[in-house]
Amino acid sequence: MANQFRELRNFSLLYHRMSVSELQQKVPNIPWLEYLNSVLNVPTITIKASDVIIAAPPIYFSELEKLLLNTPKRVQANYLMWKTVEFSLPYLTEKLLHSSTTGWKKCVSLTVKSMPIATWALYVRKHFNENAKQDVMEMVSDIRKVFVNIVKRADWMDVETKKYALEKAEAMSSYIAYPDEFLSDETLEDFYKELHVESDNFLKIMLSTNLFGYESTAKRLALPVNQTDWVKSGQSAGVNAYYNVLSNRIILPAPILQGVFFSDDRPWYMNYGGIGLLISHEIVHGFDNKGRQFDKFGNLDDWWTPSTNEKFITKAQCIIDQYGNQSIPELGLNVNGFKTQGENIADNGGIRNAYLAYNEWIRRNGRERLLPGLNYTDRQLFWISAANIGCIKMEPAVAKMLIRIDTHSPAKFRINLPLSNTDYFAKDFNCRIGSKMNPDKKCEVWK
(Lines give C-alpha, C1' and ligand atoms only; values in the text may rest on other atoms or scores of the structure.)
Protein backbone atom coordinates (compact mmCIF):
# COMPACT_ATOMS: atom_id res chain seq x y z
CA MET A 1 0.00 0.00 0.00
CA ALA A 2 2.83 2.38 0.80
CA ASN A 3 4.19 1.81 -2.68
CA GLN A 4 0.86 2.83 -4.24
CA PHE A 5 0.72 6.07 -2.25
CA ARG A 6 4.37 6.79 -3.10
CA GLU A 7 3.52 6.47 -6.78
CA LEU A 8 0.66 8.98 -6.45
CA ARG A 9 2.99 11.45 -4.75
CA ASN A 10 5.50 11.00 -7.57
CA PHE A 11 2.85 12.01 -10.09
CA SER A 12 2.06 15.10 -8.03
CA LEU A 13 5.74 16.06 -7.99
CA LEU A 14 5.81 16.07 -11.79
CA TYR A 15 2.54 17.92 -12.35
CA HIS A 16 2.81 21.58 -11.34
CA ARG A 17 0.25 24.01 -12.69
CA MET A 18 1.17 27.62 -11.99
CA SER A 19 1.11 31.03 -13.63
CA VAL A 20 4.25 32.59 -15.07
CA SER A 21 4.15 35.22 -12.32
CA GLU A 22 4.05 32.48 -9.67
CA LEU A 23 7.04 30.82 -11.30
CA GLN A 24 8.82 34.19 -11.26
CA GLN A 25 8.27 34.46 -7.51
CA LYS A 26 9.58 30.95 -6.90
CA VAL A 27 12.60 31.37 -9.19
CA PRO A 28 13.39 35.11 -9.13
CA ASN A 29 16.87 35.01 -10.72
CA ILE A 30 15.55 34.04 -14.16
CA PRO A 31 13.43 36.60 -16.13
CA TRP A 32 10.79 34.05 -17.11
CA LEU A 33 8.38 36.23 -19.07
CA GLU A 34 11.17 37.63 -21.23
CA TYR A 35 12.74 34.20 -21.64
CA LEU A 36 9.53 32.40 -22.64
CA ASN A 37 8.55 35.02 -25.21
CA SER A 38 12.09 35.09 -26.64
CA VAL A 39 12.21 31.33 -26.99
CA LEU A 40 8.68 31.10 -28.38
CA ASN A 41 9.42 33.85 -30.91
CA VAL A 42 6.08 33.61 -32.74
CA PRO A 43 4.69 37.05 -33.74
CA THR A 44 1.06 36.03 -33.27
CA ILE A 45 1.53 34.77 -29.70
CA THR A 46 2.56 36.65 -26.57
CA ILE A 47 2.82 34.91 -23.22
CA LYS A 48 1.42 36.94 -20.32
CA ALA A 49 2.34 36.83 -16.66
CA SER A 50 -1.12 35.46 -15.84
CA ASP A 51 -0.84 32.52 -18.28
CA VAL A 52 -0.86 29.11 -16.62
CA ILE A 53 1.90 26.65 -17.47
CA ILE A 54 2.91 23.17 -16.31
CA ALA A 55 6.34 23.46 -14.75
CA ALA A 56 9.02 21.03 -13.61
CA PRO A 57 9.37 20.09 -9.92
CA PRO A 58 10.66 22.89 -7.62
CA ILE A 59 13.91 21.04 -6.94
CA TYR A 60 14.75 21.29 -10.65
CA PHE A 61 14.50 25.09 -10.64
CA SER A 62 16.39 25.55 -7.41
CA GLU A 63 19.25 23.44 -8.76
CA LEU A 64 19.07 25.23 -12.12
CA GLU A 65 19.44 28.61 -10.40
CA LYS A 66 22.51 27.40 -8.54
CA LEU A 67 24.04 26.03 -11.72
CA LEU A 68 23.46 29.23 -13.72
CA LEU A 69 24.76 31.48 -10.93
CA ASN A 70 27.91 29.39 -10.41
CA THR A 71 28.75 28.72 -14.07
CA PRO A 72 30.78 31.37 -15.96
CA LYS A 73 28.87 33.08 -18.77
CA ARG A 74 31.54 31.99 -21.26
CA VAL A 75 31.01 28.34 -20.34
CA GLN A 76 27.25 28.76 -20.76
CA ALA A 77 27.72 30.39 -24.18
CA ASN A 78 30.11 27.64 -25.29
CA TYR A 79 27.63 25.01 -24.12
CA LEU A 80 24.84 26.56 -26.19
CA MET A 81 27.09 26.71 -29.25
CA TRP A 82 28.07 23.07 -28.78
CA LYS A 83 24.40 22.04 -28.58
CA THR A 84 23.84 23.84 -31.89
CA VAL A 85 26.75 21.94 -33.45
CA GLU A 86 25.50 18.67 -31.97
CA PHE A 87 22.05 19.26 -33.47
CA SER A 88 23.65 19.77 -36.89
CA LEU A 89 25.85 16.64 -36.85
CA PRO A 90 23.31 14.28 -38.52
CA TYR A 91 23.25 16.60 -41.53
CA LEU A 92 26.95 16.33 -42.32
CA THR A 93 28.07 14.34 -45.34
CA GLU A 94 28.64 10.61 -44.93
CA LYS A 95 32.35 11.14 -45.52
CA LEU A 96 32.60 13.53 -42.58
CA LEU A 97 30.37 11.43 -40.37
CA HIS A 98 32.13 8.11 -41.11
CA SER A 99 28.63 6.67 -40.88
CA SER A 100 27.72 3.08 -41.69
CA THR A 101 24.14 4.12 -42.44
CA THR A 102 23.53 4.25 -46.17
CA GLY A 103 22.48 7.56 -47.69
CA TRP A 104 18.95 6.59 -48.66
CA LYS A 105 18.15 5.18 -45.21
CA LYS A 106 19.42 8.33 -43.58
CA CYS A 107 17.38 10.53 -45.93
CA VAL A 108 14.21 8.49 -45.41
CA SER A 109 14.63 8.59 -41.64
CA LEU A 110 15.20 12.35 -41.56
CA THR A 111 12.32 13.01 -43.95
CA VAL A 112 9.91 11.00 -41.82
CA LYS A 113 11.13 12.80 -38.72
CA SER A 114 10.91 16.31 -40.18
CA MET A 115 7.71 15.87 -42.24
CA PRO A 116 5.76 13.06 -40.55
CA ILE A 117 2.33 14.09 -41.80
CA ALA A 118 3.37 14.23 -45.47
CA THR A 119 5.30 10.94 -45.38
CA TRP A 120 2.68 8.96 -43.44
CA ALA A 121 -0.07 10.30 -45.72
CA LEU A 122 1.85 8.86 -48.68
CA TYR A 123 2.27 5.56 -46.81
CA VAL A 124 -1.41 5.02 -45.98
CA ARG A 125 -2.56 6.05 -49.46
CA LYS A 126 -0.33 3.43 -51.06
CA HIS A 127 -0.19 0.60 -48.54
CA PHE A 128 -3.28 0.68 -46.32
CA ASN A 129 -6.74 -0.73 -46.95
CA GLU A 130 -9.59 1.57 -45.91
CA ASN A 131 -11.76 -1.45 -45.04
CA ALA A 132 -9.17 -2.51 -42.49
CA LYS A 133 -9.59 0.80 -40.65
CA GLN A 134 -13.35 0.30 -40.40
CA ASP A 135 -12.89 -3.27 -39.17
CA VAL A 136 -10.50 -2.20 -36.41
CA MET A 137 -12.81 0.64 -35.37
CA GLU A 138 -15.57 -1.95 -34.96
CA MET A 139 -13.25 -4.06 -32.81
CA VAL A 140 -12.48 -1.04 -30.60
CA SER A 141 -16.20 -0.45 -30.11
CA ASP A 142 -16.80 -4.13 -29.23
CA ILE A 143 -13.94 -4.30 -26.74
CA ARG A 144 -14.84 -1.03 -25.03
CA LYS A 145 -18.43 -2.28 -24.55
CA VAL A 146 -17.02 -5.40 -22.89
CA PHE A 147 -14.91 -3.29 -20.53
CA VAL A 148 -17.88 -1.04 -19.70
CA ASN A 149 -19.89 -4.13 -18.74
CA ILE A 150 -17.03 -5.37 -16.56
CA VAL A 151 -17.02 -2.04 -14.70
CA LYS A 152 -20.80 -2.19 -14.30
CA ARG A 153 -20.54 -5.67 -12.76
CA ALA A 154 -17.57 -4.84 -10.49
CA ASP A 155 -19.02 -5.57 -7.04
CA TRP A 156 -15.88 -4.18 -5.33
CA MET A 157 -16.53 -0.63 -6.57
CA ASP A 158 -18.88 1.79 -4.81
CA VAL A 159 -21.53 3.65 -6.80
CA GLU A 160 -19.69 6.98 -6.92
CA THR A 161 -16.34 5.60 -8.15
CA LYS A 162 -18.09 3.32 -10.63
CA LYS A 163 -19.93 6.33 -12.06
CA TYR A 164 -16.63 8.15 -12.73
CA ALA A 165 -15.05 4.99 -14.18
CA LEU A 166 -17.93 4.51 -16.60
CA GLU A 167 -17.75 8.15 -17.66
CA LYS A 168 -14.03 7.80 -18.33
CA ALA A 169 -14.51 4.58 -20.32
CA GLU A 170 -17.28 6.15 -22.41
CA ALA A 171 -15.22 9.32 -22.99
CA MET A 172 -12.10 7.40 -24.09
CA SER A 173 -11.43 8.23 -27.72
CA SER A 174 -9.41 6.28 -30.24
CA TYR A 175 -7.05 7.10 -33.09
CA ILE A 176 -7.12 4.25 -35.57
CA ALA A 177 -4.72 3.93 -38.53
CA TYR A 178 -4.69 7.58 -39.70
CA PRO A 179 -6.79 10.77 -39.73
CA ASP A 180 -9.24 11.09 -42.64
CA GLU A 181 -7.47 14.36 -43.49
CA PHE A 182 -4.56 12.27 -44.84
CA LEU A 183 -6.67 11.49 -47.90
CA SER A 184 -7.33 15.14 -48.77
CA ASP A 185 -4.74 16.92 -50.96
CA GLU A 186 -6.39 20.25 -50.19
CA THR A 187 -6.07 19.78 -46.41
CA LEU A 188 -2.41 18.73 -46.62
CA GLU A 189 -1.52 21.59 -48.94
CA ASP A 190 -3.15 24.04 -46.54
CA PHE A 191 -1.20 22.55 -43.63
CA TYR A 192 2.14 22.94 -45.43
CA LYS A 193 1.46 26.33 -47.03
CA GLU A 194 3.79 28.10 -44.58
CA LEU A 195 6.69 25.75 -45.31
CA HIS A 196 9.23 27.51 -47.53
CA VAL A 197 12.33 25.69 -48.75
CA GLU A 198 14.54 28.06 -50.73
CA SER A 199 17.77 26.13 -51.01
CA ASP A 200 19.11 22.79 -52.19
CA ASN A 201 21.56 22.71 -49.28
CA PHE A 202 20.66 19.75 -47.07
CA LEU A 203 21.34 21.51 -43.77
CA LYS A 204 19.28 24.56 -44.82
CA ILE A 205 16.42 22.31 -45.93
CA MET A 206 16.40 20.58 -42.53
CA LEU A 207 16.55 23.93 -40.72
CA SER A 208 13.54 25.11 -42.74
CA THR A 209 11.46 22.00 -42.03
CA ASN A 210 12.39 22.04 -38.34
CA LEU A 211 11.46 25.70 -38.06
CA PHE A 212 8.13 25.01 -39.75
CA GLY A 213 7.43 22.11 -37.39
CA TYR A 214 8.26 24.23 -34.37
CA GLU A 215 6.15 27.21 -35.45
CA SER A 216 3.13 25.10 -36.39
CA THR A 217 3.25 23.50 -32.94
CA ALA A 218 3.81 26.81 -31.12
CA LYS A 219 0.90 28.51 -32.89
CA ARG A 220 -1.49 25.91 -31.50
CA LEU A 221 -0.72 27.22 -28.01
CA ALA A 222 -3.13 30.06 -28.70
CA LEU A 223 -5.92 27.70 -29.77
CA PRO A 224 -8.41 25.89 -27.51
CA VAL A 225 -7.16 22.47 -26.41
CA ASN A 226 -8.31 19.80 -28.85
CA GLN A 227 -7.44 16.33 -27.61
CA THR A 228 -8.44 14.79 -30.97
CA ASP A 229 -6.55 17.27 -33.15
CA TRP A 230 -5.79 15.46 -36.42
CA VAL A 231 -2.42 17.20 -36.77
CA LYS A 232 -1.20 15.89 -33.43
CA SER A 233 -2.61 12.43 -34.14
CA GLY A 234 -1.13 12.36 -37.63
CA GLN A 235 2.39 12.52 -36.24
CA SER A 236 1.94 9.13 -34.52
CA ALA A 237 2.77 6.45 -37.03
CA GLY A 238 5.22 3.92 -35.61
CA VAL A 239 4.74 0.16 -35.28
CA ASN A 240 3.29 0.62 -31.84
CA ALA A 241 0.06 0.91 -29.86
CA TYR A 242 -0.31 2.98 -26.72
CA TYR A 243 -2.65 4.81 -24.36
CA ASN A 244 -2.21 8.56 -23.90
CA VAL A 245 -3.15 9.26 -20.30
CA LEU A 246 -3.27 13.06 -20.79
CA SER A 247 -5.89 12.84 -23.55
CA ASN A 248 -7.64 9.61 -22.44
CA ARG A 249 -7.06 8.14 -25.87
CA ILE A 250 -5.80 4.89 -27.39
CA ILE A 251 -3.58 5.17 -30.46
CA LEU A 252 -3.12 2.43 -33.07
CA PRO A 253 -1.25 3.84 -36.11
CA ALA A 254 -1.53 2.16 -39.51
CA PRO A 255 1.86 0.35 -39.48
CA ILE A 256 0.83 -1.89 -36.57
CA LEU A 257 -2.39 -3.00 -38.27
CA GLN A 258 -0.66 -5.72 -40.27
CA GLY A 259 1.48 -8.84 -39.95
CA VAL A 260 0.94 -10.99 -36.88
CA PHE A 261 -1.43 -8.42 -35.39
CA PHE A 262 -4.13 -7.96 -38.02
CA SER A 263 -5.33 -8.70 -41.53
CA ASP A 264 -8.87 -8.24 -42.84
CA ASP A 265 -8.66 -11.44 -44.90
CA ARG A 266 -8.08 -13.94 -42.11
CA PRO A 267 -10.28 -15.45 -39.36
CA TRP A 268 -11.38 -13.11 -36.61
CA TYR A 269 -10.20 -15.39 -33.82
CA MET A 270 -6.71 -14.51 -35.05
CA ASN A 271 -7.45 -10.78 -35.24
CA TYR A 272 -9.06 -10.63 -31.81
CA GLY A 273 -6.14 -12.62 -30.41
CA GLY A 274 -3.75 -10.20 -32.16
CA ILE A 275 -4.72 -6.56 -32.51
CA GLY A 276 -7.79 -7.17 -30.31
CA LEU A 277 -5.52 -8.02 -27.41
CA LEU A 278 -3.50 -4.84 -27.99
CA ILE A 279 -6.66 -2.69 -28.16
CA SER A 280 -7.98 -4.18 -24.95
CA HIS A 281 -4.58 -3.85 -23.27
CA GLU A 282 -4.50 -0.11 -24.04
CA ILE A 283 -8.06 0.44 -22.80
CA VAL A 284 -7.19 -1.16 -19.47
CA HIS A 285 -4.16 1.14 -19.18
CA GLY A 286 -6.64 3.93 -18.54
CA PHE A 287 -7.55 2.08 -15.34
CA ASP A 288 -4.26 0.59 -14.19
CA ASN A 289 -2.27 1.81 -11.18
CA LYS A 290 -1.20 4.97 -13.07
CA GLY A 291 -4.01 5.60 -15.54
CA ARG A 292 -6.65 5.48 -12.82
CA GLN A 293 -5.15 8.61 -11.25
CA PHE A 294 -6.32 10.71 -14.21
CA ASP A 295 -9.89 11.68 -15.01
CA LYS A 296 -11.81 11.44 -18.28
CA PHE A 297 -10.26 14.72 -19.48
CA GLY A 298 -6.68 13.58 -18.80
CA ASN A 299 -6.26 15.71 -15.68
CA LEU A 300 -4.52 14.37 -12.60
CA ASP A 301 -7.45 13.89 -10.22
CA ASP A 302 -8.18 11.49 -7.37
CA TRP A 303 -11.73 10.33 -8.20
CA TRP A 304 -11.54 7.16 -6.09
CA THR A 305 -13.34 6.90 -2.77
CA PRO A 306 -11.11 5.59 0.05
CA SER A 307 -12.94 2.26 0.34
CA THR A 308 -12.77 1.43 -3.38
CA ASN A 309 -9.19 2.68 -3.51
CA GLU A 310 -8.23 0.17 -0.80
CA LYS A 311 -9.87 -2.67 -2.75
CA PHE A 312 -8.04 -1.72 -5.95
CA ILE A 313 -4.74 -1.69 -4.06
CA THR A 314 -5.46 -5.16 -2.67
CA LYS A 315 -6.19 -6.51 -6.14
CA ALA A 316 -3.09 -4.85 -7.58
CA GLN A 317 -0.98 -6.26 -4.74
CA CYS A 318 -2.01 -9.77 -5.78
CA ILE A 319 -0.61 -9.03 -9.25
CA ILE A 320 2.57 -7.50 -7.75
CA ASP A 321 3.20 -10.55 -5.58
CA GLN A 322 2.35 -13.08 -8.27
CA TYR A 323 4.75 -11.60 -10.81
CA GLY A 324 7.37 -10.80 -8.18
CA ASN A 325 7.56 -14.50 -7.33
CA GLN A 326 8.47 -15.43 -10.91
CA SER A 327 12.16 -16.21 -11.37
CA ILE A 328 14.40 -16.52 -14.41
CA PRO A 329 17.01 -19.05 -13.24
CA GLU A 330 19.27 -18.65 -16.26
CA LEU A 331 19.60 -14.93 -15.42
CA GLY A 332 19.57 -15.28 -11.65
CA LEU A 333 16.82 -12.66 -11.39
CA ASN A 334 13.18 -12.30 -10.40
CA VAL A 335 10.54 -10.23 -12.18
CA ASN A 336 10.06 -6.83 -10.52
CA GLY A 337 6.37 -7.11 -9.66
CA PHE A 338 6.02 -3.52 -8.51
CA LYS A 339 7.70 -1.85 -11.48
CA THR A 340 5.77 -3.99 -14.00
CA GLN A 341 2.36 -3.89 -12.30
CA GLY A 342 0.77 -1.43 -14.75
CA GLU A 343 1.64 -3.54 -17.79
CA ASN A 344 0.68 -6.72 -15.95
CA ILE A 345 -2.73 -5.31 -15.01
CA ALA A 346 -3.25 -4.33 -18.66
CA ASP A 347 -2.07 -7.74 -19.91
CA ASN A 348 -4.46 -9.62 -17.63
CA GLY A 349 -7.48 -7.40 -18.24
CA GLY A 350 -6.62 -7.13 -21.92
CA ILE A 351 -6.63 -10.84 -22.73
CA ARG A 352 -9.91 -11.44 -20.89
CA ASN A 353 -11.70 -8.52 -22.53
CA ALA A 354 -10.48 -9.43 -26.03
CA TYR A 355 -11.73 -13.00 -25.51
CA LEU A 356 -15.16 -11.85 -24.37
CA ALA A 357 -15.34 -9.42 -27.30
CA TYR A 358 -14.61 -12.27 -29.71
CA ASN A 359 -17.40 -14.31 -28.13
CA GLU A 360 -19.73 -11.39 -28.84
CA TRP A 361 -18.50 -11.38 -32.45
CA ILE A 362 -19.39 -15.07 -32.73
CA ARG A 363 -22.84 -14.42 -31.28
CA ARG A 364 -23.51 -11.81 -34.00
CA ASN A 365 -21.77 -13.49 -36.95
CA GLY A 366 -21.70 -17.20 -36.21
CA ARG A 367 -18.81 -19.65 -35.93
CA GLU A 368 -15.86 -19.36 -38.32
CA ARG A 369 -14.10 -21.98 -40.38
CA LEU A 370 -11.03 -23.44 -38.71
CA LEU A 371 -7.50 -23.40 -40.04
CA PRO A 372 -6.79 -26.50 -42.18
CA GLY A 373 -4.44 -29.11 -40.81
CA LEU A 374 -4.73 -27.94 -37.17
CA ASN A 375 -6.87 -29.79 -34.67
CA TYR A 376 -7.90 -26.74 -32.63
CA THR A 377 -11.23 -25.05 -31.96
CA ASP A 378 -11.85 -21.41 -32.82
CA ARG A 379 -11.46 -20.35 -29.19
CA GLN A 380 -8.26 -22.33 -28.80
CA LEU A 381 -6.94 -20.59 -31.91
CA PHE A 382 -7.77 -17.25 -30.25
CA TRP A 383 -5.46 -18.13 -27.33
CA ILE A 384 -2.75 -19.42 -29.66
CA SER A 385 -2.91 -16.21 -31.71
CA ALA A 386 -2.61 -14.15 -28.53
CA ALA A 387 0.42 -16.15 -27.43
CA ASN A 388 1.97 -15.87 -30.89
CA ILE A 389 2.28 -12.08 -30.76
CA GLY A 390 4.38 -12.44 -27.61
CA CYS A 391 6.95 -14.78 -29.15
CA ILE A 392 10.41 -13.28 -28.83
CA LYS A 393 14.02 -14.40 -28.61
CA MET A 394 16.85 -12.24 -27.31
CA GLU A 395 20.40 -12.48 -26.10
CA PRO A 396 20.81 -13.13 -22.33
CA ALA A 397 22.69 -9.85 -21.85
CA VAL A 398 19.82 -7.88 -23.42
CA ALA A 399 17.22 -9.82 -21.43
CA LYS A 400 19.11 -9.14 -18.21
CA MET A 401 19.27 -5.42 -18.93
CA LEU A 402 15.56 -5.22 -19.82
CA ILE A 403 14.38 -7.03 -16.73
CA ARG A 404 16.09 -4.35 -14.64
CA ILE A 405 14.76 -1.31 -16.49
CA ASP A 406 11.66 -2.32 -18.47
CA THR A 407 8.14 -1.73 -17.16
CA HIS A 408 7.04 -4.85 -19.08
CA SER A 409 7.54 -8.35 -17.73
CA PRO A 410 9.57 -10.78 -19.86
CA ALA A 411 7.52 -12.16 -22.78
CA LYS A 412 7.14 -15.61 -21.22
CA PHE A 413 5.30 -14.21 -18.21
CA ARG A 414 3.28 -11.74 -20.29
CA ILE A 415 1.68 -14.77 -21.95
CA ASN A 416 1.63 -17.59 -19.41
CA LEU A 417 0.44 -15.66 -16.37
CA PRO A 418 -2.50 -13.78 -17.95
CA LEU A 419 -3.70 -16.99 -19.61
CA SER A 420 -3.41 -18.95 -16.37
CA ASN A 421 -5.28 -16.21 -14.48
CA THR A 422 -8.46 -16.62 -16.52
CA ASP A 423 -10.91 -19.52 -16.21
CA TYR A 424 -11.74 -19.24 -19.91
CA PHE A 425 -8.34 -20.52 -21.02
CA ALA A 426 -8.49 -23.45 -18.61
CA LYS A 427 -11.97 -24.36 -19.84
CA ASP A 428 -11.04 -24.19 -23.54
CA PHE A 429 -7.95 -26.39 -23.06
CA ASN A 430 -9.36 -28.62 -20.29
CA CYS A 431 -6.59 -27.72 -17.85
CA ARG A 432 -6.70 -29.63 -14.59
CA ILE A 433 -7.49 -27.52 -11.50
CA GLY A 434 -4.27 -26.87 -9.60
CA SER A 435 -2.11 -27.28 -12.71
CA LYS A 436 0.34 -24.61 -13.85
CA MET A 437 -2.11 -23.10 -16.35
CA ASN A 438 -5.10 -23.41 -14.01
CA PRO A 439 -3.82 -22.55 -10.52
CA ASP A 440 -6.09 -22.50 -7.49
CA LYS A 441 -5.24 -18.85 -6.81
CA LYS A 442 -5.73 -16.41 -9.66
CA CYS A 443 -5.03 -12.67 -9.75
CA GLU A 444 -7.06 -10.16 -11.76
CA VAL A 445 -8.03 -6.54 -11.24
CA TRP A 446 -10.57 -5.97 -14.01
CA LYS A 447 -12.64 -9.16 -14.15
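**Entry 1: α9 against α17**

I began with helix α9 (residues 130-153) and helix α17 (residues 341-365), whose axes come within 9 Å and cross at roughly 115 degrees. The model is a predicted one. Angles from 65 to 115 degrees count as roughly perpendicular, and α9 and α17 are therefore roughly perpendicular to each other. I noted the hand as well: α9 passes α17 in a right-handed crossing.

Next I listed who touches whom. From α9 the contact takes Glu138, Asp142, Ile143, Val146, Phe147 and Ile150. From α17 it takes Asn353, Leu356, Ala357 and Arg364. Sorted by class, the contact of α9 with α17 holds six nonpolar residues, one polar residue and three charged residues.

**Entry 2: α9 by itself**

I checked the length of α9. It has 24 residues and spans 36 Å from its first C-alpha to its last. At 1.5 Å a residue, 34 Å is expected, and the span of α9 is close to that.

I then looked at the start of α9. There a side-chain oxygen of Asn129 comes to within 2.9 Å of the backbone nitrogen of Asn131.

**Entry 3: α9 against α10**

I turned to helix α10 (residues 159-171). The axes of α9 and α10 come within 10 Å and cross at roughly 175 degrees. Angles over 145 degrees count as roughly antiparallel, and α9 and α10 are therefore roughly antiparallel to each other.

Which residues of α9 meet α10? I found Arg144, Phe147, Val148, Val151, Lys152 and Arg153. On the α10 side they meet Lys162, Ala165, Leu166, Ala169 and Glu170. The contact of α9 with α10 has six nonpolar residues, five charged residues and no polar ones. I marked Phe147, as it is listed in the contact of α9 with α17 and also in that of α9 with α10.

**Entry 4: α17 against α18**

Last, I followed α17 to helix α18 (residues 378-388). The two pack at an angle of about 145 degrees, with their axes 11 Å apart. α17 passes α18 in a right-handed crossing.

I wrote down the residues in this contact. α17 supplies Ile351, Ala354, Tyr355, Tyr358, Asn359 and Ile362. α18 supplies Asp378, Arg379, Phe382, Trp383 and Ala386. By class, the contact of α17 with α18 has eight nonpolar residues, one polar residue and two charged residues.

How values were computed: Residues are numbered from 1 along each chain as its sequence is written. This is a predicted model: local features need pLDDT of at least 70, side-chain atom pairs count only at pLDDT 80 or more; totals for chains, interfaces and linings use all residues. Side-chain values use heavy atoms; hydrogens and water are left out. Axes are lines fitted to C-alpha atoms, for helices over the stretch in contact, and angles run from 0 to 180 degrees between N-to-C directions. Helices (H or I, at least four residues) and strands (E, at least two) are DSSP runs, numbered from the N terminus. Angles under 35 degrees count as roughly parallel, over 145 as roughly antiparallel, 65 to 115 as roughly perpendicular and the rest as oblique. A crossing is left-handed if the near helix is turned anticlockwise from the far one by less than a right angle, and right-handed if clockwise. Contact means heavy atoms within 4.5 Å. Ala, Val, Leu, Ile, Met, Phe, Trp, Tyr, Cys and Pro count as nonpolar, Asp, Glu, Lys and Arg as charged, and the others, Gly among them, as polar. The expected span of a helix is 1.5 Å times one less than its number of residues. A polar contact is a pair of N or O atoms within 3.5 Å; within protein, one must be able to donate a hydrogen and the other to accept it, and residues adjacent in sequence count only if both atoms are side-chain atoms.
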